[in-house]
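Me: I would like to learn how to read a few features of a structure. Please take them one at a time.

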2 protein chains.
Amino acid sequence: MVIADYFPIWDKLTPQQQKTLSDAAFPRHIPAGTVVHRGDLDCVGLLLIRSGQLRCYILSDEGREITIYRLFERDICLFSASCMMESIQFELHIEAEKDTEVFVLPPEMYRGLMEQSAPIANYTRELMSARFSEVMWLMEQIMWKSFDKRLASFLLEESALDGDCLKITHEKIANHLGTAREVVTRMLRYFQNEGFVRLTRGTIEILDRKGLSALSDA
Amino acid sequence: MVIADYFPIWDKLTPQQQKTLSDAAFPRHIPAGTVVHRGDLDCVGLLLIRSGQLRCYILSDEGREITIYRLFERDICLFSASCMMESIQFELHIEAEKDTEVFVLPPEMYRGLMEQSAPIANYTRELMSARFSEVMWLMEQIMWKSFDKRLASFLLEESALDGDCLKITHEKIANHLGTAREVVTRMLRYFQNEGFVRLTRGTIEILDRKGLSALSDA
């Protein structure tokens, strides 16, 4: 329950830096459904996740969404402190998908530490590289993969998190994948006809994981 | 012609670090058309551009391309040293679009400097943020903007670099934008009918910059 157990390169900080970090960090409870960060409208600080799940997404002028990546226990959410980094010129939105417990690391404090500590600066750069890699993966999916494959991958990822019976609306899936609800509904019906899933009101049950995998990897 | 004039945070390095950098860096001439970096097949080092133009792109299994961003004089190409950063898990390709003069900064040397110098580590992180922002911009273009707008933007960008008479094949434009040649040709004919451009063998002449701007911003 102390930050020393969660902050990944704790041992590379000086005692003074450790004190600065643990004095400034504070716990926060984020109820499921809360939008914690909206583009450049706020700068809540870095979020170190103790439990729960955050979703980072972009939003178009018309209100369409695409999920960029998700963060889980022990992940650090950098872009909720994007004010701290001058060259960040895009607007991510971040919402809690489950009840989430975090440590908040205030942006001015963290920026101060980065400026004096090469290990923290390099660690932060590696964090950014990891997110960058996720975005590039998504870009390749969008550009080279057809929608049936992306939807099959999405259902498999969701069921790895939440089990075989997914409680998720077609609208929400459309938001994750950056498309329209009708497109999702049409493809899910096709999946049902193929015996991959069973659709009932508000749920999608995975029936044929192998079939979905074969489609997604094809 | 010396690296001190080109390396952006030279003044923040210690004399010893400056010596390490200038001893290890060496000039290289890259003829137009050369592919200098292919995913994880090589690790040529960081490239500090003295003159010329580099293009970074991703490549699908089927040989389709999308231009991710371009680099010009005084830009630093990070991902040609991706071996230096553990969390980079995507494969960029980099080619010289014009005859290009660079300083090569060997990856082991640069990694050593990042590990001991917070200013270098932070500068490198800001460089990565800037590239990340370009990729997010491209992702938004691809997801929310229709192809006519993307093509109009592309022609305007190209003409800002190379003047109103573009010598570029439809195939090359398709590679930049991640689509098929036929799609480009069809849209260019539509642009010609609208009076935006004039098409002749191997060239596209921009006739109506305002019209293209209006389309691209619509």
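Reply: Helices (H or I, at least four residues) and strands (E, at least two) are DSSP runs, numbered from the N terminus. Here, strand S7 of chain A covers residues 93-96 and includes A:Glu95. This is a predicted model, in which local features need pLDDT of at least 70, side-chain atom pairs count only at pLDDT 80 or more, and totals for chains, interfaces and linings use all residues. Residues are numbered from 1 along each chain as its sequence is written, chains are lettered from A and ligands numbered from 1 in the order in which they are written, and side-chain values use heavy atoms, with hydrogens and water left out.

Me: Is A:Glu95 buried or exposed?
Reply: Buried means under 20% relative accessible area, exposed over 50%, partly exposed in between (1.4 Å probe, protein chains only). A:Glu95 has a relative accessible area of 14%, so this residue is buried.

Me: Which residues does A:Glu95 touch, not counting residues up to four places away in sequence?
Reply: Contact means heavy atoms within 4.5 Å. With that exclusion, A:Glu95 touches A:Gly33, A:Thr34, A:Val35, A:Val36, A:Gln53, A:Leu54, A:Arg55 and A:Tyr57.

Me: At what angle do helix H3 of chain A and helix H2 of chain B cross?
Reply: Axes are lines fitted to C-alpha atoms, for helices over the stretch in contact, and angles run from 0 to 180 degrees between N-to-C directions. The axes of H3(A) (residues 118-144) and H2(B) (residues 107-116) cross at roughly 120° and come within 7 Å. In this contact, A:Ala118, A:Asn122 and A:Arg125 of H3(A) meet B:Met114, B:Glu115 and B:Gln116 of H2(B).
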